[in-house]
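Reader: I am new to this structure. Please take me through one part of it closely, then show me what lies around that part.

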Amino acid sequence: MANPSLLILAGDGIGPEVMDEVKRIIGWFGDKRDLTFDVSEDLVGGAAYDAHGVPLHDDTMAKAQDVDAVLLGAVGGPKYDDLDFSVKPERGLLRLRKEMDLFANLRPAQCFDALADFSSLKKELIAGLDIMIVRELTSGVYFGEPRGIHIENNMRVGINTQRYTEAEIERAARAAFELAKKRGNKVCSMEKANVMESGILWRDVVNEVHQADYADVELSHMYADNGAMQLVRAPKQFDVILTDNLFGDILSDCAAMLTGSLGMLPSASLGLPMANGRPKAMYEPVHGSAPDITGQAKANPIACILSFAMALRYSFDQGAEADRLEAAIEKVLADGARTADLMGPEGGTPLSTSEMGDVILAALDASL
Ligand code: NAD
């Protein structure tokens, strides 16, 4: 069988720096685990704009459609802040999500024990935390029509429309139930059915999908505002949280910060299955291009490496190898390995980006 294919789009700022470490990890799996990927690389964001005058070239888009999974670093930076909206670096990212129809955004919030002190919550509330937020990514209020700023009765009126079809809700719900079956078998769906018709439909459709095909998964519903409170009150009550684009944007950032540094947070965006059964997929760290530390070897590569672990699990059915990689990261953190963003008040000498890669590779070797 052909090797699985990966397109790496490292992007801007610290994107290429953290991606260099991911490339070493990918190489390790080829050398030591007989898990070889056909890797190609291309430009996105400001780097693509510099080369082609657009944040994503059509050829790159075509390559992204063709591979088994895309790994993305980060896009953006001050150099591009004054560009026209249509060619801003972020437009490259949005085009990938839209044209690949990546409707399910998976954001894990997982607390490594060694970093439990980094949370703004009490250690006992978050030690061992492992939740997954499934956010609908391609519809809802960020895309609904009508939208715009109009003049009505000599006054400006801003309009956005929350709109969901039952098909859009159904496929997001299925993604959440499928994930729950591989985890703690619990889904909590969050909307505002008390004040929004789209929320009533959301709840109805989630119930219908549940009754039809996932009755063995524990399902609960929560109003999204209560969900936000529960996330900071008792986050360990959750396994998979299913929610829409707007609430998911807010709730996933809230959940992410429970665990400390931006440099630790991976994500996956999944679409429909391709002909080979694998979902359309893009994996990327949650953080941006961090211009304040670019070129200083200070970036934490773990978020990007954990994104590759998600690719192993969700695109390539290599759950055991994903576990191996996550365990190696857990081990180096427990041993005290820290990049600058993870330094506590006790101080010490932080590892550089590539030194963090070195210790993770050593831990992978030790796992054999
Ligand atoms: P950012 O995530 O780039 O940085 C926020 C802070 O976190 C900075 O202090 C940064 O140094 C730190 N940080 C982020 N990632 C880190 C890592 N791996 N290791 C250590 N420290 C890390 O967000 P920002 O400063 O608001 O945005 C900078 C640029 O990135 C902007 O152009 C923005 O538009 C873009 N951005 C891109 C994405 C993306 O590509 N998905 C996401 C967010 C922001």
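How do the residues of the lining of the second largest pocket divide into nonpolar, polar and charged?

Author: They divide into eleven nonpolar, three polar and seven charged. Here Ala, Val, Leu, Ile, Met, Phe, Trp, Tyr, Cys and Pro count as nonpolar, Asp, Glu, Lys and Arg as charged, and the others, Gly among them, as polar. A word on the basis. This is a predicted model, in which local features need pLDDT of at least 70 and side-chain atom pairs count only at pLDDT 80 or more, while totals for chains, interfaces and linings use all residues. Residues are numbered from 1 along each chain as its sequence is written, and side-chain values use heavy atoms, with hydrogens and water left out.

Now the pocket itself. On a 1 Å grid over the protein atoms alone, a pocket is an open set of points with protein on both sides within 12 Å along at least five of seven lines; a cavity is a set where a 1.4 Å probe fits but cannot get out; lining residues have an atom within 4 Å of a point. A volume is the space filled by probe spheres set on the points, which are joined across faces, edges and corners. The second largest pocket has a volume of about 540 Å³. Its lining has 21 residues. A175, E178, L270, G271 and P279 lie nearest the centre.

Which elements build this lining? At least two residues each come from β4, α6 (166-181), β11 and α10 (302-314). Helices (H or I, at least four residues) and strands (E, at least two) are DSSP runs, numbered from the N terminus. Helix α6 gives the most, with five residues.

The strands belong to a sheet. It is open, has ten strands and mixed pairing, and runs β2-β1-β3-β12-β11-β4-β5-β10-β8-β9. Two strands pair if DSSP finds at least two bridges between them. β2 (38-42) and β9 (218-223) stand at the edges with a single partner strand each, so one side of each has no neighbour in the sheet. Within the sheet, β8 (residues 186-191) and β10 (residues 240-243) run parallel, joined by four bridges. M190 stands opposite T243 in β10.

Helix α9 leads on to another contact. The axes of α8 (residues 224-233) and α9 (residues 245-257) come within 10 Å and cross at roughly 10°. A224, G227, A228, L231 and V232 in α8 meet F247, L251, C254 and A255 in α9; contact means heavy atoms within 4.5 Å. This contact has eight nonpolar, one polar and no charged residues.

F247 also lines the largest cavity, along with residues including Q162, Y164 and W202. Its volume is about 50 Å³. Helix α7 (residues 197-213) supplies the largest share of that lining, three residues.

Definitions and conventions
Axes fitted to C-alpha atoms, helices over the stretch in contact; angles between N-to-C directions.
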